[in-house]
Amino acid sequence: MTASDRTAWLAERRRAVEADYTRDGPTYDDGYDPATPVHRRYVTSLIDRTPSGGTVLDAACGTGPYIGMLREAGLTVVGADRSDGMLMRARQKHPSVAFVRTGLQELAFDGAFDAAMCVDAMEHVPPEEWPLVLENLRRALRPGGHLYLTVEEVPPEDLERAFAEGTRAGAPIVHGEDVGDDTSGYHHYPRRDRVGAWLADAGFTVADEADEWLDGYGYHHLLLATGGAADAA
């Protein structure tokens, strides 16, 4: 596997993810609510740490399942997503909210937000691009801002299976990635120690964290502070 092979493969996988979400966007919410009680608790924690009347970036906002909570708290929201289909549905649900079509890797805000959230999205970011995405999110925040981030996790045996299948298929895959038919084109499940190192390098400290296990997968919920000692949970 050459570096160029993997770069081209990742670009193809990213296009596949975008195409799947754009196709599913108009009906994505039908009978489905991605917000678990733990998700809602962490959104509430982010709200509690955001100045009154502040501005929040919902990065990879999808159809905007949490925007209502933020708006009800009196906060201004800017949603960002790469999928036209998801943005179309988000605009229908929240016509007064500003939305920007951009990916996590292309976020270019500079000190524009009091808080940010990136929920159920980092699983589509390859390991090479985690530092870039975290740097983009960090740069978007004003001093003292907080970020709510989720990291999806699966059982280790699933990662072993995915790596073996991808290798047999000749894909330039690395351990922790899954490109099965039911994963929207590409998933990446990094080890927690790698996530911790990336967060530290980006200038984040953990203010609060929780584990949530669902049916065959789980989330590591992280409330992150920018710079200095972490806030009390």
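Student: Before we start, what does "buried" mean here?

Tutor: A residue counts as buried when its relative accessible area is under 20%, and since this is a predicted model, every such value is computed from predicted atoms. C118, at 0% relative accessibility, therefore counts as buried.

Student: And C61, is that one buried or exposed?

Tutor: C61 counts as buried, because its relative accessibility is 4%.

Student: How many disulfides does the structure hold, then?

Tutor: The structure holds zero disulfides, and C61 has the sulfur of C118 as its nearest cysteine sulfur, 10 Å away.

Student: Why don't C118 and C61 bond?

Tutor: The closest cysteine sulfur to that of C118 is the one in C61, and at 10 Å it is too far for a bond.

Student: OK, new topic. Which residues have the most contacts inside the largest nonpolar core?

Tutor: Those are L57, L104, W130 and L149, in a core that has 29 residues. Several elements each supply at least two residues of this core, including β1 (55-59), β4 (113-118), β5 (141-153) and α7 (192-202), while the largest share, five residues, comes from α5.

Student: What does W130 touch?

Tutor: Not counting residues up to four places away in sequence, W130 touches M122, V125, L149, V151, H188, P190, V195 and W198. Apart from this core lies another one, of 25 residues, with V56, I67, L87 and M117 among them.

Student: Where is A59 found?

Tutor: A59 is found in strand β1, and it counts as buried because its relative accessibility is 0%. Leaving aside neighbours within four places in sequence, A59 is in contact with A80, L104, L107, M117, C118, V119 and L137. A59 and V78 are 19 residues apart in sequence, with their C-alpha atoms 8.3 Å apart in space.

Student: You mentioned α7. Which of its residues are buried?

Tutor: In α7, V195, W198, L199 and A202 are buried. Seen down the axis of α7, the buried residues fall within an arc of 100 degrees, so they line one face of the helix.

Student: What covers the buried residues of α7?

Tutor: The cover includes α5, β5, β7 (187-188), β8 (204-213) and β9. As for what comes next in the chain, α7 is followed by G203, whose phi is positive, near 95 degrees.

Student: Switching to charges, how many salt bridges are there?

Tutor: The count comes to 18 salt bridges. In one of them, E18 pairs with R101, and the closest N and O atoms are 2.6 Å apart. This pair links distant parts of the chain, with E18 in helix α1 (residues 3-24) and R101 in strand β3 (residues 98-101), 83 residues apart.

Student: Is E18 buried or exposed?

Tutor: E18 counts as buried, at 18% relative accessibility, whereas R101 is partly exposed, with a relative accessible area of 42%.

Student: What about K93, which residue does it form a salt bridge with?

Tutor: K93 forms a salt bridge with D29, and their closest N and O atoms are 3.0 Å apart. K93 lies in helix α4 (residues 84-93) and D29 in the loop between α1 and α2 (37-48), so the pair ties together parts that are 64 residues apart in sequence. K93 counts as partly exposed at 31% relative accessibility, while D29 is buried, with a relative accessible area of 17%.

Notes:
Residues numbered from 1 in each chain as written. Predicted model: local features only at pLDDT ≥ 70, side-chain atom pairs only at ≥ 80, totals over all residues. Heavy atoms only, no water. Disulfide = S-S within 2.5 Å. Buried < 20%, exposed > 50% of the residue type's maximum accessible area, 1.4 Å probe, protein only. Core = buried A, V, L, I, M, F, W, Y, C linked by side-chain atoms within 4.5 Å. Helix = DSSP H or I, 4+ residues; strand = E, 2+ residues; numbered from the N terminus. Contact = heavy atoms within 4.5 Å. Arc of directions from axis to C-beta. Salt bridge = Lys/Arg side-chain N within 4 Å of Asp/Glu carboxyl O.
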